[in-house]
Amino acid sequence: MLSYITVRGGISLLAVRRACVLSRSAHSAPQSKHRAIKKVMVANRGEIAIRVFRACTELGIRTVAVYSEQDTGQMHRQKADEAYLIGKGLPPVAAYLHIPDIIKVAKENNVDAIHPGYGFLSERSDFAQACSDAGVMFVGPTPETVRKMGDKVEARSLAISAGVPVVPGTDAPISSLQEAQAFAQTYGFPIIFKAAYGGGGRGMRVVREYEELEENYQRAYSEALTAFGNGALFIEKFIEKPRHIEVQILGDKYGNVIHLYERDCSIQRRHQKVVEIAPAFQLDPHLRDRLHADAVNLAKLVGYENAGTVEFLVDKHGKHYFIEVNSRLQVEHTVTEEITDVDLVHAQLHVCEGRSLPELGLKQDKIRVNGCAIQCRVTTEDPARGFQPDTGRIEVFRSGEGMGIRLDSASAFQGAIISPHYDSLLVKVIASGKDLPTAASKMSRALAEFRVRGVKTNIPFLQNVFSNHQFLHSTVDTQFIDENQELFNLKPTQNRAQKLLHYLGHVMVNGPTTPIPVKAKPSSTDPVIPSVTMGDPPVGFRDVLLRDGPEGFAKAVRAHKGLLLMDTTFRDAHQSLLATRVRTHDLKKISPFVSHNFSNLYSLENWGGATFDVAMRFLSECPWKRLQELRALIPNVPFQMLLRGANAVGYTNYPDNAVFKFCEVAKENGMDIFRVFDSLNYLPNMLLGMEAAGAAGGVVEAAISYTGDVSDPMRQKYSLDYYVKLADELVKAGTHILCIKDMAGLLKPEASKLLIGALRDRFPDVPIHVHTHDTAGAGVAAMLACAEAGADVVDVAVDSMAGMTSQPSMGAIVACAKRTKLDTGIALEKVFDYSEYWEVARGLYAPFDCTATMKSGNADVYENEIPGGQYTNLHFQAHSMGLGNKFKEVKKAYAEANKLLGDLIKVTPSSKIVGDLAQFMVQNSLTRAEVEERADELSFPLSVVEFLQGYIGIPHGGFPEPFRSKVELERGKILHIKALALGDLNKAGQREVFFELNGQLRSVLVKDTVAMKEMKFHPKAQKSIKGQVGAPMPGKVLEVKVEVGSKVEKGQPLCVLSAMKMETVVNSPMAGTIKAVHVTADASLEGDDLILEIEE
């Protein structure tokens, strides 16, 4: 790095910023003639227009903007004091090149001076002359100087006269391809075409082989003509792998010229600068002095005034060659300002007024370098696709800021439209520090803070540049990007929030993307309600509970002769078979019949679990009102609910006081028995739920979730001893009833005898309740075995709502137990009446009935251990996604996912975690071994990550290792989203959907698939159809080189597109015959729009 003095203060700061503060009249000098500027127009757009406006405002000068018809919504128009339309009816770029309109607006609005910015008319001598002829000051060199410096051939001749080394090249602009061919034959390849009347990489093409000459000549000529209004070109010998060093100069009207040191602009692509550094890193001091001296001498030779840049190439031997003079302000002027503390735009305006450099305190010996500055050009280009420009709407914009960071931008805001008509520059990021490493670290930090969604940017590429060892510790040349392909190993952005908003927006506009896989319609037949006797219902177990309390109720249950039943028809049965969709209306109609004919039921399960979720989200019902209304209709049968321990009826842990209050209110509204469980049998969570239920005055029924097979000596993680010890803890904690919750229906008759027998021997006075599902079809046999072994209560569902993933048949259990010691005391004919009602009522929910896709249960549940309700849901989801034929794979993956997670107890929400991982494995075609091996690089479902973080408790045996240690446990990423509004249909067939995300307004554009069927759009190229050629980027068609019937070879040019003033040739992907052409010259295309079709 440089060893320049880095002291601030004193006379070295007598720069333009300081001069700005002083009054204009205080700086008069005998040799200078001042003409105060009161109003400035900027004949440009975007960030450079805003940069000049800000400088003018600081100097008390009024500002005027001009804009094209396409720029009516651009920020530069809003930043000016006045703004006027130019180039009405002209193409976007042509509007800013229309000199008569610009001069007319300036004269009509009393503009004193016009600043040209960079690009467009900034290096057009005829524009500078037109300003002079109109009596308007041109903020730049004189027209004659602009002409000399703008004509690269004449500038080259002047450089030779000043003794400045030049690259071999033509003495005048060439006018034909033949001249280019002659030069190439004389000097050999490589050569480079350059626009004679402009810069910025436009009209610049390197040619390395004779076969490329004609096409590159045409492209360079066309680009130069479009960008500068003149297609003249000159040719130079191309210097391989040079450094691109430029010197900032500043002159006044009195012959004073100074330099403000140099900038290294070697990091380029397509001859356009990407990163600029000031001062140049590791530049030989003697070479630096020669560059400065040559730049100043050349400027003095031509009487240069105002700001400009002299550009050089430095070859690998340290020899420098003059390239050109840019007689304007450069895009990268910012880094010079940061290291010299000189405001170049202020200086331009003061020089234009007639002030001398000494008046402004700008003397060569007073200019000092302070540290290092780097500029990055953040563009809307996709590095992964050869830096193709991207267009569209910026949906999210968040910038990187802070100490040492400066941002110059115009279109960088949420909602901005990036069009294909202009330059792709989005924002200039400038970082300053004491040296290159310091400035680079600030830049890296700032780039990491950026969030740009809706259009692609080059930020991932820039981040790679700033982590490159060569860039940070050595010198780079113009081939740096080409020779470091690892720069294109781009880290993908997560973009989680915006992806989620797009999905939600799509659902809001077009409805759910997962269709119901059946076309079944609800039955038109209403169920017939069985007759009910008049009067109050018979006394039931609830009367015992109200009279004797929970302890007396438990004793009565244990003392009861015969088998007691819990009916799940009101909840778990329809949750398993009908997706919990049964309405309160249909439950209420059958409730009086149940009250009068099933008074000897142990309980009726009718609440908790998914009831809350579905009632509120899908049925638009109040679950509390359901409880109240059913209680009034069934006063004699105890109600039972599922309480997920510390989760209550939710899916995450709630504060203790919330769980206690929930149980209290539930008891007050009619709930009696609280079946408390935890998805991992995690005791601390269960104890909290038990304590809350007990404090509310309810019956506490602690439920142990069952998995594995206690009759299999090879499966010992969940052994008989495990269940007995856990039951010990629950009985000690004061449970009134002990429950075995067999949520997958895994209890076989032999295992039932072993488990229930052991528990009965261990706890002779505690009532035992067994819950199960009938997925395998052995539920009746298992429940009868449990009863024989000492269970007091088993679960059933009425016959028409039983079987498969629901509970065993009530009628079957009643019939099998009849006239035995297990006799239920329930009249079988009443079960038939009850079943008939539900058989017809079930038809009302045909679209949700699991039998639409699942025709029977399956004994493979003993292998995959999928809980009943989840088995139904997974089967339905597989068919919805067209994967019905792969359900077997899903079930196998479920078993593998369970092993990956350490063989879990599987019940909501732990069952969902296993299911999410299983579907993740199927969707990504991953085996268990591959998941374990790649765990550190895969993006797992959130539920899996949160489980491994301990969100739902600690599983028996601990977390699986080393799987858990490999998974990235990202914490603190919570998105709060609120849908706000849906916009009207636009011309593109889209609707804007508005959200509030983490407190900020966000919106996304979503295609309305229904509306688009009635609208006409350009067809898209289908990648799956060979021969269809699509637009590689949005843009305008400049030329179509073929027609229908033309024979083409692979790689042959088909058409030319222009986007952001750069031209791209679309080549043929194959040899064949043109079948159809879908575009014409001047047509505007979006990305992937169909251009033409080729057939072999």
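## V724 and helix 26

V724 is buried, with a relative accessible area of 14%. Buried means under 20% relative accessible area, exposed over 50%, and partly exposed in between, with a 1.4 Å probe and protein chains only. V724 sits in helix 26 (residues 720-732). Helices (H or I, at least four residues) and strands (E, at least two) are DSSP runs, numbered from the N terminus.

Leaving out residues up to four places away in sequence, V724 touches A758, L759, R762 and F763. Contact means heavy atoms within 4.5 Å. V907 is 183 residues from V724 along the chain, and their C-alpha atoms are separated by 20 Å.

## Basis of the model

This is a predicted model: local features need pLDDT of at least 70, side-chain atom pairs count only at pLDDT 80 or more, and totals for chains, interfaces and linings use all residues. Residues are numbered from 1 along each chain as its sequence is written, and side-chain values use heavy atoms, with hydrogens and water left out.

## Domains and cores

The domain assignment of the protein chain gives domain 1 (372-496), domain 2 (541-705 + 715-852), domain 3 (869-960), domain 4 (977-1012) and domain 5 (1016-1095). Such bounds come from an automatic or database domain assignment. The C-alpha centres of domain 2 and domain 5 are 67 Å apart.

The largest nonpolar core has 133 residues. A nonpolar core is a set of buried Ala, Val, Leu, Ile, Met, Phe, Trp, Tyr and Cys residues joined through side-chain atoms within 4.5 Å. L565, F570, Y834, W838 and F940 have the most contacts inside the largest core. This core lies between domain 2 and domain 3, because both give residues to it. F940 is in contact with L917, F920, V931, A935, V945, F963 and V967, leaving aside its neighbours within four places in sequence. Another core, of 42 residues, lies apart from the largest one; V40, A49, L329 and A347 are among its members.

## Helices 24 and 25

Two packed helices are described by the angle between their axes and the distance between the axes. For helix 24 (residues 656-668) and helix 25 (residues 683-695), the axes come within 8 Å and cross at roughly 40°. Axes are lines fitted to C-alpha atoms, for helices over the stretch in contact, and angles run from 0 to 180 degrees between N-to-C directions. The two helices are therefore oblique to each other. Angles under 35 degrees count as roughly parallel, over 145 as roughly antiparallel, 65 to 115 as roughly perpendicular and the rest as oblique.

Helix 24 brings D656, V659, F660 and C663 to the contact. Helix 25 brings L688, E691, A692, A693 and A695.

## Helix 12

Helix 12 (residues 333-340) has 7 of its 8 residues buried, so it is largely enclosed by the rest of the structure. The buried residues are H333, T334, V335, T336, E337, I339 and T340. Just after helix 12, D341 takes a positive phi of about 65°.

## Backbone exceptions

Most residues other than glycine have a negative phi, and most peptide bonds are trans. The F189 to P190 peptide bond is cis, with omega near 5°. P190 is in the loop between helix 9 (177-187) and strand 6 (191-195). The A278 to P279 bond is also cis, with omega near -10°. P279 lies in the loop between strand 11 (272-278) and helix 11 (285-301).

Q282 is in the loop between strand 11 and helix 11. Q282 is not a glycine, but has a positive phi of about 50°. At 42% relative accessibility, Q282 counts as partly exposed. N306, in strand 12 (residues 306-314), has a positive phi of about 80° and is not a glycine either. N306 counts as buried, at 1% relative accessibility.
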